[in-house]
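Work through these exercises with the structure open beside you. Try each task before you read its solution.

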Amino acid sequence: MTIYNDSLSLYISTLFAGEDDALQKIPAASLAQGLPEIQVSAEEGAFLQVMAAACSARKALEIGALGGYSAVWIARGLLPGGRLISLEGNPLHAGVTRKNIEHCGLEEKVEIRLGNALDLLPGLVAEAPFDFVFIDADKANYIRYFDWAVENTRPGAFIAVHNAFWYGAVLREGELDEDTLAIQRLNQHAAQHPGVLSTIFPAGDGTLICARR
């Protein structure tokens, strides 16, 4: 029987996902600069932090920075001396992320790289393998990002992908838009991929989480 609901989500967020002042200000600061309100929730952010810590991540990669909210959670889960590279294709978003990262005092731990992720990823092969990868970008290329991550992470690494539920649209059938189809295909792909052990963390909009075999 499924009992998870908004009240339990709030319970988790209150108990395990407390935000300090710097983290609390990121969504409002991002919104003020015209960024959409689509960042992960605090509950999801805490989950990313725990996953980064669970795989003892020193070298992490984020595809899609938005305003830097998820980057802060991930960076805080890294081992001492750890580093997060965050890729962002939108110059405005990248600039806002840099300011938010600096405000949180993490500029030495998080590097923002501006450009199309598909163009930047080949150059990152030389910096692999990564210990943790978080994907939260254009849905049409999710499988391409995911396959790259599988090839460029070490055994025991975690790969996390946001919007695994796509606001419930993954349950729909019939004629679907390309983003919904992309998410459905990724979930199926991850479930059957021999290189990972996968499931979905059901908080928020769902996070696909894969342990690299």
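**Exercise 1.** Find the residue in strand 7 that stands opposite leucine 197. Then describe how the two strands pair.

Solution. Start at leucine 197 and look across: alanine 211 in strand 7 stands opposite. This is a predicted model. Next, mark the strands. Strand 6 covers residues 196–201, and strand 7 covers residues 207–212. They pair in the antiparallel sense, over 6 bridges. Now look at the connection. The two strands form a hairpin, with 5 residues between them. In the turn, glycine 204 has a positive phi of about 55°.

**Exercise 2.** Which residue forms a salt bridge with arginine 83?

Solution. Apply the cut-off: a side-chain nitrogen of Lys or Arg must be within 4 Å of a carboxyl oxygen of Asp or Glu. The partner is glutamate 111, and the closest N and O atoms are 2.0 Å apart. Then place both ends. Arginine 83 is in strand 2 (residues 83–88), while glutamate 111 is in strand 3 (residues 110–114). The two residues are 28 residues apart, and the pair links distant parts of the chain. By this rule, the count comes to 7 salt bridges.

**Exercise 3.** Describe the backbone at proline 129 and at asparagine 163.

Solution. Take proline 129 first. The peptide bond from alanine 128 to proline 129 is cis, with omega near 5°. Proline 129 sits in the loop between helix 6 (117–124) and strand 4 (130–135). Now take asparagine 163. Its phi is positive, about 70°, although asparagine 163 is not a glycine. This residue lies in the loop between strand 5 (153–162) and helix 8 (178–192).

**Exercise 4.** How many residues line the largest pocket, and which lie nearest its centre?

Solution. The lining has 20 residues. Nearest the centre are Ile38, Leu66, Asp136, Ala137 and Lys139. Sort the lining by class: 9 nonpolar, 7 polar and 4 charged residues. The space in the pocket is about 260 Å³.

**Exercise 5.** Which residues make the nonpolar surface patch of about 850 Å²?

Solution. List them: Met1, Ile3, Tyr4, Leu8, Tyr11, Leu15 and Phe16. Then locate one of them: leucine 15 is in helix 1 (residues 6–16).

Definitions and conventions:
Residues are numbered from 1 along each chain as its sequence is written. This is a predicted model: local features need pLDDT of at least 70, side-chain atom pairs count only at pLDDT 80 or more; totals for chains, interfaces and linings use all residues. Side-chain values use heavy atoms; hydrogens and water are left out. Two strands pair if DSSP finds at least two bridges between them. Helices (H or I, at least four residues) and strands (E, at least two) are DSSP runs, numbered from the N terminus. On a 1 Å grid over the protein atoms alone, a cavity is a set of points where a 1.4 Å probe fits but cannot get out, and a pocket is an open set with protein on both sides within 12 Å along at least five of seven lines; lining residues have an atom within 4 Å of a point. Grid points are joined across faces, edges and corners, and a volume is the space filled by probe spheres set on the points. Ala, Val, Leu, Ile, Met, Phe, Trp, Tyr, Cys and Pro count as nonpolar, Asp, Glu, Lys and Arg as charged, and the others, Gly among them, as polar. Patches are made of residues with over 30% relative accessible area and no salt bridge: like charges are joined within 9 Å, nonpolar side chains (Val, Leu, Ile, Met, Phe, Trp, Tyr) within 5 Å. Accessible areas come from the Shrake-Rupley method with a 1.4 Å probe; for residues, only the protein chains shown count as cover.
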